[in-house]
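Please keep the sequence and the 3D view at hand while reading.

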Amino acid sequence: MKPLRLTLKNFGPYAGDPVEVDFTRLDPLFLITGDTGAGKTSLFDGICYALYGSPLGTRTESTVRSKLAGDGESTLAEFEFEVRGVRHLATRSPAWFEAKKKGGGFRKPEEIHALKAWGDGGWTPLTSRKSEFDARIEAILGLTRDEFAKILVLPQGDFQRFLEMGTLDREAILEKLFPIREHQRLAEYVRARAEEARSLKADLGLRLEEARGGGPRDAAQ
């Protein structure tokens with residue numbers, strides 16, 4: 001997955017006007033750094049929430065809305081990314097309670113789940129249904145939310161948890177991160193062809209010996 005752009009509005013510490021991170025202006029390898037509480041983890045939370053509908057770690061959907069958000073202002077996490085040459089745009093906005101203008105009380109705006117793909121010069125809607133959104137994201141990325149969170153959290157000082165995982169669990173994650181299955185299939189193909197070549201060589205050797213008159217039949221006589 002190649003990150004392209006992240007937009008957060010009233011998400012975590014990012015209150016007020018939308019905050020945008022344009023990853024296309026950065027080098028392929030970049031560092032997200034800053035003082036404690038500067039909002040670094042909230043960027044990862046925003047990416048995870050936009051993709052899977054929940055932030056990282058033990059945080060919940062109810063905690064993503066900024067406590068500084070004004071009444072009537074929506075919360076938004078939008079992440080544009082590219083997978084296998086196809087651009088996608090994942091947008092999610094959680095429901096929240098806001099004071100009614102008339103009659104008192106509160107109303108709860110609906111959640112927003114919108115997944116789009118770029119094509120023919122514009123964005124094509126793929127789905128706005130949460131269940132279908134979740135399924136499509138897993139299919140596009142090839143990772144469940146837990147797998148994605150574990151991989152993304154590793155640079156955030158949680159590497160020890162990864163090391164303490166069972167061997168099979170680590171292998172399952174690494175196999176999804178790196179295309180080792182393709183190399184395994186290639187290795188199996190090469191081994192099979194090599195075995196075929198050895199069998200063909202042995203068969204041709206026997207035929208050559210028989211043609212020279214020194215094959216098994218002559219030896220038996």
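The largest nonpolar core in this predicted model has 29 residues. Those with the most contacts inside the core are Leu51, Tyr52, Phe79, Phe81, Ile137, Leu141 and Phe148. Two or more residues each come from strand E1 (2–9), helix H1 (40–52), strand E3 (76–83), helix H2 (130–141) and helix H3 (145–153). H1 gives the most, with eight residues. As a general point, nonpolar side chains tend to be buried together in soluble globular proteins.

Phe148 shows how separate parts of the chain meet in this region. Leaving aside neighbours within four places in sequence, Phe148 is in contact with Met1, Ile47, Cys48, Leu51, Tyr52, Leu141 and Leu143.

The strands come next. Six of them form an open sheet in the order E2-E1-E3-E4-E7-E8, with antiparallel pairing. At the edges are strand E2 (19–22) and strand E8 (122–127), each of which pairs on one side only. On average, neighbouring strands of the sheet are turned by 20° against each other, direction ignored.

Two helices pack on this sheet. H1 touches E1, E2, E3 and E4, and the direction of H1 makes about 75° with that of E3. H2 touches E3, E4, strand E7 (112–119) and E8, and the direction of H2 makes about 45° with that of E7.

E3 deserves a separate look. Is this strand mostly covered or mostly open? It is mostly covered, since six of the eight residues of E3 are buried. On one side, E3 pairs with E1 in the antiparallel sense over seven bridges. Within that pairing, Pro3 has Phe81 of E3 as its bridge partner, and Lys2 stands opposite Glu82 in E3. Seven bridges also join E3 to strand E4 (residues 86–93), and these two strands run antiparallel. Here Phe79 stands opposite Ala90 in E4. The hairpin of E3 and E4 has two residues between the strands, and Arg84 takes a positive phi near 50° in this hairpin.

The helices can now be compared with each other. Two packed helices are described by the angle between their axes and the distance between the axes. The axes of H1 and H2 come within 8 Å and cross at roughly 115°. H1 is therefore roughly perpendicular to H2. On the H1 side, the contact is made by Ala50, Leu51 and Tyr52, and on the H2 side by Phe133, Asp134, Ile137, Glu138 and Leu141. Six residues of this contact are nonpolar, none is polar and two are charged. Leu51, Tyr52, Ile137 and Leu141 have also been named above, among the core residues with the most contacts.

Ser42 lies in helix H1. Why does Ser42 count as buried? The relative accessible area of Ser42 is 14%, and buried means under 20%, so Ser42 falls within that class. Leaving aside neighbours within four places in sequence, Ser42 is in contact with Leu8, Phe11, Pro13 and Tyr14.

Methods:
Residues are numbered from 1 along each chain as its sequence is written. This is a predicted model: local features need pLDDT of at least 70, side-chain atom pairs count only at pLDDT 80 or more; totals for chains, interfaces and linings use all residues. Side-chain values use heavy atoms; hydrogens and water are left out. A nonpolar core is a set of buried Ala, Val, Leu, Ile, Met, Phe, Trp, Tyr and Cys residues joined through side-chain atoms within 4.5 Å. Buried means under 20% relative accessible area, exposed over 50%, partly exposed in between (1.4 Å probe, protein chains only). Helices (H or I, at least four residues) and strands (E, at least two) are DSSP runs, numbered from the N terminus. Contact means heavy atoms within 4.5 Å. Two strands pair if DSSP finds at least two bridges between them. Axes are lines fitted to C-alpha atoms, for helices over the stretch in contact, and angles run from 0 to 180 degrees between N-to-C directions. Angles under 35 degrees count as roughly parallel, over 145 as roughly antiparallel, 65 to 115 as roughly perpendicular and the rest as oblique. Ala, Val, Leu, Ile, Met, Phe, Trp, Tyr, Cys and Pro count as nonpolar, Asp, Glu, Lys and Arg as charged, and the others, Gly among them, as polar.
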